Amino acid sequence: MAQFNLSLLAKQAKYFPNSNFLNSRLGNSCSYVWRSIWATKDTLQKGLMWRVGMGQGISISEDTWIPNNINVRLMSRFDNLQSDRVAELISSNNRVWNEELILNTFPEEVADLILRILLAQEPHDDLLAWRGEPSGDFSRRYGGIY
């Protein structure tokens, strides 16, 4: 049964050959299985957040990446930054946050949340992860959907 499930899911990759599931489109003549899987995309997106690796793939203002941030996305531009990438906030030489830049860029409560994010000593790709419940527990429920 497990092999059948993997095979079934693998066949759905034809709907996003040059992208990923989150950037996929429904299409005109898709299968019932793809239509059913695709219907879960919005719920999945609402529950995901970025875990900072090198920060190059994360938009400071448009992506969800700050744990426990009430506004989830910052949705504004910051004039003292050269780019909109989290990588700009990291001192790449010693893998720590550029504390001065962060404190001078963000409101105090947001800066505090950013500085609490632990950075791995070994650089790695940014990862999408399930955000979970405010308690930190995993649940299938998200946004009122069970």
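Predicted model: local features only at pLDDT ≥ 70, side-chain atom pairs only at ≥ 80, totals over all residues.
Residues are numbered from 1 along each chain as its sequence is written, and side-chain values use heavy atoms, without hydrogens or water. Local features need pLDDT of at least 70 and side-chain atom pairs count only at pLDDT 80 or more, while totals for chains, interfaces and linings use all residues.

Let us begin with the largest nonpolar core, which has 21 residues. Such a core is a set of buried Ala, Val, Leu, Ile, Met, Phe, Trp, Tyr and Cys residues joined through side-chain atoms within 4.5 Å, where buried means under 20% relative accessible area with a 1.4 Å probe, protein chains only. Ile60, Trp65, Leu89, Trp97 and Phe106 touch the most other members. Helices α4 (99-105) and α5 (108-115) each supply at least two residues of this core, and α5 gives the largest share, four residues. Helices here are DSSP runs of H or I, at least four residues, and strands are runs of E, at least two, numbered from the N terminus.

Now look at Trp97. Leaving aside residues up to four places away in sequence, its contacts (heavy atoms within 4.5 Å) include Val52, Trp65, Val86, Ile114 and Leu119. Trp97 counts as buried because its relative accessibility is 10%; Trp65 counts as buried because its value is 2%.

Trp65 sits in the loop between β1 (48-51) and β2 (90-91), and Trp97 in strand β3 (residues 96-97), 32 residues apart.

Conventions:
Buried < 20%, exposed > 50% of the residue type's maximum accessible area, 1.4 Å probe, protein only.
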